[in-house]
Amino acid sequence: MFDAIIVGAGFAGLYMLHRLRGMGLTARVYEAGGDVGGTWYWNRYPGARCDVESLAYSYSFSEELQQEWEWTDRYPTQPEILRYIGHVADRFDLRRDIRFERRVESARFDEAECLWQVRTDQGDQVRAPFCIMATGCLSVPLEPDLPGLADFTGGIYRTNLWPHEAVHFGGRRVGIFGTGSTGIQSIPVIADEAAQLTVFQRTANFSIPAMNAPLDPEFVREFKARYPEHRAHQRLGLSMGSGDLEVVARDRKPALSTAESAPQEEIDRVCKAYWSRGGAHFMTSIGDLMSNEASNRRVADFVRARIRAIVNDPATAEALCPTTHPIGTKRICVDTNYYDTYNRSNVHLIDLRKHPVKAIEPGGVRLADRFVELDDLVLATGFDAMTGALLRMDIRGLGGRRLKQAWREGPRTYLGLMVPDFPNLFTVTGPGSPSVLSNMVVSIEQNVNFIADILGHMREQGYRSIRAKPEAEAAWTAQVNRLANATLYPKGGSWYLGANVEGKPRVFMPYVGGVGAYRKACEAVAAENYRGFDFQRSPPALSSPSGTQGA
Ligand code: N01
């Protein structure tokens, strides 16, 4: 028996394991993939790169680690992140407690014993007082609704299940579905190699140039010298990681409070400055961008003007101009040469709103008005986000209550970390926490530390179980909804809202208040003796700091 079972060996699972070990607790990690890395293990598609900057998208818990690791570019590539996570696993000797290629299928709470019983698809069965879900927010691939897909005789490549061996598109006619962050990253890279690339676009998306470049060693040296200050900024949500501290300090305030009534030259000046600096930081340019529709429209107009300026063919440019949602309400994309790619003679855009798919046939895609012959299909069609990984397991809490049942009208949590009828079960970056609206590594570290502190508190006090109180869950969920409804986010029809999955309840899942406000809320909860949580003392207590050895 272990003190805790951790599900997932991505950034969250690894750090959770490291923290528990540091407390003298024992843990077993189950991971469906063949190695550590989580989302970065699976998403190895061409062009995969993080859109948070390297120096910020990394653990802060070890000063030695952050000083030692050398990043290459402003934005890290997927292979580089995977190497980094592998290095962390080795450096902190984490692999020995991880069982790979084991997908957890069920987790059931045994009330009499106050234990979670976890079962994997390989037949492992293990019990522990605590179960910590580190299953990621974007880890369940979504199968697109494309009739006849199974009949296609060419290669089918899903970006989020990309093969480990090299895929060669040279001389081939490739089609791609999906123009979210993934499609937008991979389209320019596939276009470089393929003979022909046809992009089947259902919804045009807003994308900002990454302005990626190799990191300047002098910049890195200065950044690392002040890492603690950078990390402090990140933890308060003041920095997306870009630039030096002076830039961060200046950008604490948006350049303009609103674009609604600002003169056009002023909007152009500010937006151009943010555009040329590059990255998702663009979204912090205008104070009320995510709460004022008129202000948002003017910034969206700026981006549409950029698209028209970059793309030579006016009809293609128009089709690429997003019109279905306010900018930022679907996750902003960050690209390298995305719009320029449409100026290549081997790239063709099909607007599916005008030319819907009738069927996928063995040799290509049948549209209402034409047939596109293809050798390969790439599917960049997204995820069942935030709740998908949790709900595909059979999780049962008190009285055998299923999580699926508890969340039938959408996820409800206390702080994104616990659900009332599921004692001793934690969700790292769960729905109701900043998660996908933040730098995930920053949120993961905060969530993991909070959970570890709770377990430390329980050990000190001799508590055996913890539950979120229903009233705390109700109040937090109401606050999450209230905050979201005060913004434009719910207008996006995005995966944040579950809108990409048929039949999924439309509930805005992440906490929009920012990592700083969220962190303060957690600190206030802890300071008030973990307000909103109910602790019980009976049966056995957690193992002593020296740790009980696991079976
Ligand atoms: O998925 P998405 P993603 N026919 O859901 C289209 C993170 N991420 O993998 O909008 C035709 O955004 C769908 O069209 P529509 C990031 O948080 C991070 O790109 O539903 N098209 C859409 O265009 C991101 O937001 C990085 O009309 C179909 C696309 O598929 C999240 O992952 C990199 C279709 C799905 O877009 C998800 O991004 C990459 C159909 N039947 C991703 N079904 C970083 O850099 C779906 N689509 C860190």
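Predicted model: local features only at pLDDT ≥ 70, side-chain atom pairs only at ≥ 80, totals over all residues.

Trainee: How many salt bridges does a search of the whole structure find?

Mentor: Side chains of opposite charge can pair when their charged atoms come close. The criterion for a salt bridge is a side-chain nitrogen of Lys or Arg within 4 Å of a carboxyl oxygen of Asp or Glu. Searching the whole structure on that basis gives a count of 32.

Trainee: With which residue does Arg74 form a salt bridge?

Mentor: Buried means under 20% relative accessible area, exposed over 50%, and partly exposed in between (1.4 Å probe, protein chains only). Arg74 has 13% relative accessibility and therefore counts as buried. In its salt bridge, the closest N and O atoms are 3.1 Å apart, and the partner, itself buried at 10%, is Glu53.

Trainee: How many residues apart in sequence are the parts tied together by Asp394 and Arg108?

Mentor: Asp394 and Arg108 form a salt bridge with closest N and O atoms 2.9 Å apart. Strands (E, at least two residues) and helices (H or I, at least four) are DSSP runs, numbered from the N terminus. Asp394 lies in strand E18 (residues 394-396) and Arg108 in strand E4 (residues 104-110), so the pair ties together parts whose separation in sequence is 286 residues.

Trainee: What percentage of the area that the ligand exposes when taken alone does the protein bury?

Mentor: An oxygen atom of the ligand lies 2.8 Å from a backbone N or O atom of Arg49, and one is 2.9 Å from a polar backbone atom of Asp51; a polar contact is a pair of N or O atoms within 3.5 Å, and within protein one must be able to donate a hydrogen and the other to accept it, with residues adjacent in sequence counting only if both atoms are side-chain atoms. Accessible areas come from the Shrake-Rupley method with a 1.4 Å probe, and for residues only the protein chains shown count as cover. The ligand alone exposes 910 Å², of which the protein buries 87%.

Trainee: Which helix gives the largest share of the shell around the ligand?

Mentor: The ligand is surrounded by 25 residues, where being near requires a heavy atom within 4 Å. The largest share, 3 residues, comes from helix H5 (residues 181-193).

Trainee: At which residue in H5 does the kink lie?

Mentor: The bend at a residue is the angle between axes fitted to the seven residues ending there and the seven starting there. In H5 a kink of about 30 degrees lies shortly before the proline Pro188, at Ile187.

Trainee: Which backbone nitrogen does the side chain of Ser494 reach?

Mentor: Ser494 is placed in the loop between helix H16 (470-485) and helix H17 (515-527). Its relative accessibility is 3%, so Ser494 counts as buried. At 3.1 Å, the side chain of Ser494 reaches the backbone nitrogen of Tyr496.

Notes:
Residues numbered from 1 in each chain as written. Heavy atoms only, no water.
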